Structure formats: structure tokens, C-alpha cells
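This briefing is meant to be read with the sequence and the 3D view side by side. Please look through both before going on to the points below.

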Number of protein chains: 2
Amino acid sequence: MTKNHEIPYKIYLTEEEMPKQYYNVRADMKNKPAPLLNPATGKPMTAEELEPVFCRELVKQELDNDNQYIDIPEDIRNFYRMYRPSPLVRAYCLEEKLDTPANIYYKYEGGNTSGSHKLNSAIAQAYYAKNQGLKGVTTETGAGQWGTALSMACSYLDLDCEVYMVKVSYEQKPFRRDVMRTYGAKVTPSPSETTEVGRKILAEHPGTTGSLGCAISEAVEAAVSKEGYRYVLGSVLNQVLLHQSIIGMETKIALDKYGIEPDMIIGCCGGGSNFGGLISPFMGEKIRGEKDYRIIGVEPASCPSLTRGRYAYDFCDTGKVCPLAKMYTLGSGFIPSPNHAGGLRYHGMSSIVSQLYDDGYIEARTYEQSEVFEAAVEFARVEGILPAPESSHAIKAAMDEAKKCIETGEEKTIVMGLTGTGYFDMLAYGKYIDGEMSDYIPTDEELEEGFATLPDIEG
Amino acid sequence: MTKNHEIPYKIYLTEEEMPKQYYNVRADMKNKPAPLLNPATGKPMTAEELEPVFCRELVKQELDNDNQYIDIPEDIRNFYRMYRPSPLVRAYCLEEKLDTPANIYYKYEGGNTSGSHKLNSAIAQAYYAKNQGLKGVTTETGAGQWGTALSMACSYLDLDCEVYMVKVSYEQKPFRRDVMRTYGAKVTPSPSETTEVGRKILAEHPGTTGSLGCAISEAVEAAVSKEGYRYVLGSVLNQVLLHQSIIGMETKIALDKYGIEPDMIIGCCGGGSNFGGLISPFMGEKIRGEKDYRIIGVEPASCPSLTRGRYAYDFCDTGKVCPLAKMYTLGSGFIPSPNHAGGLRYHGMSSIVSQLYDDGYIEARTYEQSEVFEAAVEFARVEGILPAPESSHAIKAAMDEAKKCIETGEEKTIVMGLTGTGYFDMLAYGKYIDGEMSDYIPTDEELEEGFATLPDIEG
């Protein structure tokens, strides 16, 4: 199928065209996302309760369900100019390879050194911390993309950065660790002896290789127990989706510039930060009935919070030091099988995405990882970019939709989020190429074990 | 020093503005680069002699000293559209950090999956091989950037790709190896038992960890001993500099678009592919007396071919299967000290760059690696991009020139080539951060040992 190439391979906005405001999809939502709850009182967390943990301005953003647009401070916009606007790429080569009438576009967020979209929120959170006169921030990281992004942002603003890195990643990904250290971060394998919750977990589970939920607990404790520090999180929270709306805003401006009308928007879903950000302005139009996009979230079959989880209040972390969030969740006790590669391994899902899914605005689907890597390699070979395993879930779904168009002959326009690169996931790629990659779908009994760890709270 | 930001942070050409022709600087040169010699006869290699090794069209390009512009075939230009134009970035953040009146620009070639400029020539060479109806190509790789680039290009064109990877890199950089395998390449650690020259080297030096010169010998043997294969090389040759002129052409178009007049052009120098490509159109103007740019090549103090080498005919490879090239060289027997990190470790220098240097058009300087990494980390923290160790030589020189401007108060315009990213060099970054990086400058006696391996040929 030979197509003309009227649309450029890569649509770049000019720096003047870049968004000056974040898009707050909560303003559009008829059913607002459920508030965070204080686990002690069972009541919604107030700003006063949140401020010892999070920066003041970020608390305001977290609780703001009303303002549709929120200004992006000039300093953050200047930082964005270092690596944004990111290109919206027309996947001409993939279309030709698949021989599909579909038009495929991907918003590529992997072009910065952190290798993913995480930098969009990292610089915002670091900026507000700096602006509040704080000394530093703490966080957790699993696969390492978020930790790298935060290290870069903090180094730029001369802010201390303490990263609790899931121990198994710390050991298996020394290069990721060293990128963070190059950017001046202090990186501690979690669980560690440096926090009370870490010591408790080590005592209960000696030899544990850690988990994201456990690293969150340690990072929160480290933040609240030190003067001048706050905790920052790379996904799940409303504020993070707000910052990531820059992805969706840029995508929309680029599409509008060329008069392109998408039929569907596809993103991978872990905690929901990329997906929520990508879909935000489109979701607004959909909720208001102006457009009828299909909006598709893709998650791993091995960690299926949207597709097989329960919509309930749950702990955000293993140590249960965080507020409770209402979300589609597998229970904070759920841990993906050890053969699960890459990210998208968090037990829950952003409250915003969860509510939108519950309200029927979002479709969700799962794939097993070997079919995801198959799509990733096929994509890499024709489009050049070696995608992150996370992003490849969206690629797989987009390819499947494009193949359906071959059967129907429809020229659908597919837009997907390509969140990052796979440079630090070569261990998994190597396994795939050597035919050593396996899949795992949790049984209903295993999911029940996770659900048994849900708190006993109505929400 | 507060500057206004009239020039965007990143200058992107449109796809229409991208060059449609390569720039052949040999057409401008008063003294043409010395021809390759047949080691058996001592006479210049003819097209007929070169064609069993290289593709026909590439031989033509290799021998073409006359045509100033050479058309880029449309298929290559379409591939370029996947990752080009590359941005010319204004280093506002670095300027502010240094508090310099200088204006610093860098042409960033690391934004593609191969992580460097090497892809520019890889796709051209693979295209001409495919066009000639060949089955595949063979090559060598050291640090892995070239092998990755060639794998990507071959995979796109469905061409076999066999890479001989220096054994020490093969073992220390399994992730680099697996990127190539992901793109379908066959990767063999060199020296290997698969070639005669490999077996000979193994017999003479059991336990050797290999060298670039040795891997070249194996790749050439593999190409000429199989039907339908040719050898391709990622640097040094005239044809490679020709393809890399896309860097310089884009840079010049971007500068002209904004009326920016550079005072100096700075690039790192290994075999000379990036440097030669970056400077080509500027060098043309300089030779013709239209402009008076300073053109600065930067090499590691541990492998100083331009600054301390001899200008002589030398072997291109350890196994001495290749034609002889006249170049600034340390002798094919020279091996950089084991603590040398990253690339820029080839014993010789492109004949074009060598002749231009000998004719006085180019300045050269060296830096030791710990000061280069210091500059790299400083750059990474303000500009976001984590640079390759190779590229960081240019960064160090640019920063030094910008610091001189602080003293003199001059607002010089500095343009440098940032060839690639350091994602696969974290071992070296880790060492630097841990204070375990050492420097080494070869003694005159050690250089004499290298010169003793030069062939006894007048040129």
C-alpha cells in the first residue's frame, strides 16, 4: 500500500506553540476521582495533613478538581525547552510493513536522557520544592526511569535528591544507578537499614529483594523525618497526571495543526501517569460529547489492575504509611510473578484513570509479555526506535488495531503514546531473542490473595 | 549574565529544508587526500581492486575527488526522516552556568537508537549494498555504536549483517551486543576461530582481548570469502566522511536560517568521521577564502594521532589485509593504555582530515580523560543530555573556549558536534564518580614502539 507523505514524518511544534498551561481533566469529570483518605480517621486528607509529605503547591494541585487549566511557571517551561516539544511521529515505515490502510502516529517521549516521559513531572515537582525553599526531595524508583528523571531535575535546580531503589533493580541495573549518581543523587537499595519501616521489613522478610510499595514507604519516612525535605512520586497521583498532560496537549496541538482527527488514543497503563496525561485533553472533548474517540489503556496480563482488579480504597505502599487511594487495584500485597520484565508492575491505578474507566470512558486490555516483545522488535526494526517494554504494550495494541483495518479496509487514525526507550532493558530483550522469555497470567486464586490485603474501608 | 532568548533552544529544520546532497570537501581541497595503496604493488588501488571488498557505488564515492555535491538517493533521505533533521541546540543553560558571553551551539546526533552519528553512513552503505543486489555486509565494532547503527540499517533493508565485535567489548558490553542482536545482526567476538586471520592472531596471542584493527581484518576476510557480501567501515574512509557531511550541511543551513556566524567549529576526532562530516561545508568556505573559521579537532591524550602521530602510509588493520592509507598515525601496532574509556582509540586518522591538518586548516588539541569526564558531568547536569565520552572531548574544548571569552569579554560563537549519548558508557561514568578514573599519556618511547610498526613505504 503506497501512501503519499503529505504529513511530515515528525511533527515538531515550535517553541512558541508549546502549551503554557497544564490540562486538568478533573474539571471535566462528572464523577470526580475519590479523595485520598487518612487511614487513621477514614476521612479525606486535608491540605494541612498532606503538607508535611508533599510540597505546598503540589498539594494544591492534588486537591484541585475545578480549574481546567493551570499555568506552567516560566522556569519549568524553560526546562521543557531543553527536550520538548517531543515529536509526534507518523509511523509511515510501520504502516508500510503492516500494509495497513490505518494511519499510525506516536508521541515519542523517550528523546531525553532520562529515557521517558517521567521528566515532565520530575521538573515540575522539583521546581515547586525549590520554590518553597526546601533542601531536597526523596523518592522511590523501580525500573529506574523515574529516579533518573528526578535526579536530572534536582541536579538542574541544585536540590538534594535521595532515591530508594528497589534492591533487585539496584543490583541488576548498576548502570541505571550510576546515571542517577552522575546527576548527583544519593541512591539507596530498598529495603534498607536507614529507615524504621525498612528495618521492619528486613526483619520480617530477610533476604527480600524489595518492591516498589516498600521503597515508597521508606522514601516517605525519609522525607517526613528530616527538616526541609518532601516526598515526590512519579505516577498515580492527580498532580502527576496534571504535569503529564503536557504530552496530550502537545499531541492535540500537533494533530490540530495538520487537521488530523484521531479515531483512537492508545497508551500503556502502569500507575497511569503517561496514559492519564496523554488522554487528558481528548477525554475532555469526549466527556463534553464533542468527540467520540476510543480511548484504550493497555496493561500487562501479569499485573492486570484495570482488567481484573477491584475498584476499592487501598494502601499505596507496603509499609502503609501513605494515605489510602480509591483505585482499581490488585491489593498492596500483590506482587507480579518474577518473570515479569520492565515496569507496569504497580498494584494499583491512578484514581483519575480508575474513575474514568469505571464511568465507561476507557477500554482496557491486556497482553502477555512475549507478544509485547515480539511487537517491540518488529517496531524497532522498521521505525528505528528501540522501545521500552512498557511502551511496547501500546505498540502491540496499535499494531493489532492497524491489522483490523486491513480486514475492514478502514483508514482509521491511531494515536499512541511511546513513553520511552529500552536501552536499560536489554536483559529482557536478550532473553526474548534467545527464546528464554516466558509469560505468566496470575490465577484467580492468586488474585484473591492480593485482594485479601485490601483494607476494610468503604469508599 | 542574562541573555535574551531570541534564538530558539533547538533549531529544527523542516523536512523540506533537509539537504538533498552530500558535500564532498575533496572537491575544495588544493592538495587532495593521498590515495589508498595496494600493499603488494605500492600503487594506488583501482576501482577494480576495491570492488571485491566494497560496494561498487561506494568505491566510486571513495575515489571521487572532483564532484562537490553528490545526490542522496530518495530511499536514504526517507530513512533520514525517521531520525533527522537532528537539532542544533543553543546551550543557553551551559552558557548561564559558565557565565560566559560566548554563544555555544551543539549539533546533537545522539537522538536515534544507535545513539550516535554513525547511522548517517550506515544507512548509506547498507542502501548501496542492497541496491547492488548483495546478500549482506560484514563489519567490525569496538564500543558498539557503529555495529548498532549498521544493524539498524540492515534490518530496515532486510540485509544480512555480520559484526565482529572486539572481544573485550563483547564481554563488557553485553547490552550493546544484545541491541545488535535485537536488530537481527550476527555478532561474533573478535578475534575468533571463524576466520584465518582470527585463528592466526589467537595462535600468536592466546588470551588476547582483541582490538579494532584485528576485528577489521576478520570482517574483511569474512566479506571477501563469501558470495554476495561486502565489507563496510564506519569511519576513516572518504566515503564515510562524505555521508557524514549531512551533519555539517544541516548545521550550516540551520545557522544560515538565523543569520548566525560561527567563529569556531569544534569536533572530537577518532577516525575522523564525525569531525570530517561536521566541518566539510565550513572547510569549503575556509579553503576558498570566503570565511575564516577556526576549526578545532579534539583527541584523547592517550591516543594522540593528530598531535603526536606521523603523517605516513600505514596499515589500516592489524592483520594487514586492507589497503594502505596515508594518515596521521601512531602505527598499527599502537594500542591505547587499558584505562582508556570509550572510543577514539583508532591508531590513525582519516586521510582527508590528515591532509587538511597537514595543510594548516585545522588546529588539534588533546585532553586527558578525567578532565573530559568532569566536563561531561558538568554539561549533563545543566543541558540534560548525558554525552558519550567521545563527544565530551568536544564539550571540554568548547567549555574552555567559552571560559576564555569570560576573560576577554568577547561574544564568540562556538559550534560543536555532540556525536552521541553515554548510555552504554556507565561503567566509565561510575568509575569517574567513584574517583577511580585514571589518566595516561603515552611516553615518547611508547610512541616509538608504535611507529616501528609502520610499513616501509614512501608516500
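In chain A, four strands in the order β8-β7-β6-β9 make up an open sheet with parallel pairing. Strands and helices here are DSSP runs, of at least two residues (E) for strands and at least four (H or I) for helices, numbered from the N terminus, and two strands pair if DSSP finds at least two bridges between them. This is a predicted model, in which local features need pLDDT of at least 70 and side-chain atom pairs count only at pLDDT 80 or more, while totals for chains, interfaces and linings use all residues. Residues are numbered from 1 along each chain as its sequence is written, chains are lettered from A and ligands numbered from 1 in the order in which they are written, and side-chain values use heavy atoms, with hydrogens and water left out.

- Strands β8 (186–190) and β9 (229–231) of chain A are the edge strands, each of them pairing on one side only.
- From one strand to the next, the twist averages 25 degrees, where axes are lines fitted to C-alpha atoms, for helices over the stretch in contact, and angles run from 0 to 180 degrees between N-to-C directions.
- Strand β7 (residues 160–166) of chain A runs parallel to β8(A) and is joined to it by five bridges, and A:M165 has A:P189 in β8(A) as its bridge partner.
- Helix α6 (residues 145–157) of chain A packs on the sheet and touches β6 (136–141) and β7 of chain A, with a direction about 165 degrees from that of β6(A); contact means heavy atoms within 4.5 Å.

**A further strand pair in chain A**

- Strand β10 (residues 264–268) of chain A pairs with β11(A) in the parallel sense over five bridges, and A:I265 stands opposite A:I295 in β11(A).
- Strand β11 (residues 294–300) of chain A is largely enclosed by the rest of the structure, because six of its seven residues are buried (under 20% relative accessible area, with exposed over 50% and partly exposed in between, for a 1.4 Å probe and protein chains only).

**Cysteines**

- Over all chains, a search of the whole structure finds zero disulfides, a disulfide being a pair of cysteine sulfur atoms within 2.5 Å.
- The sulfur of A:C55, a buried residue with a relative accessible area of 0%, lies 9.9 Å from the closest cysteine sulfur, in A:C154, which is too far for a bond.
- B:C405 is buried at 2% relative accessibility, and its sulfur is 18 Å from the closest cysteine sulfur, in B:C93, again too far for a bond.
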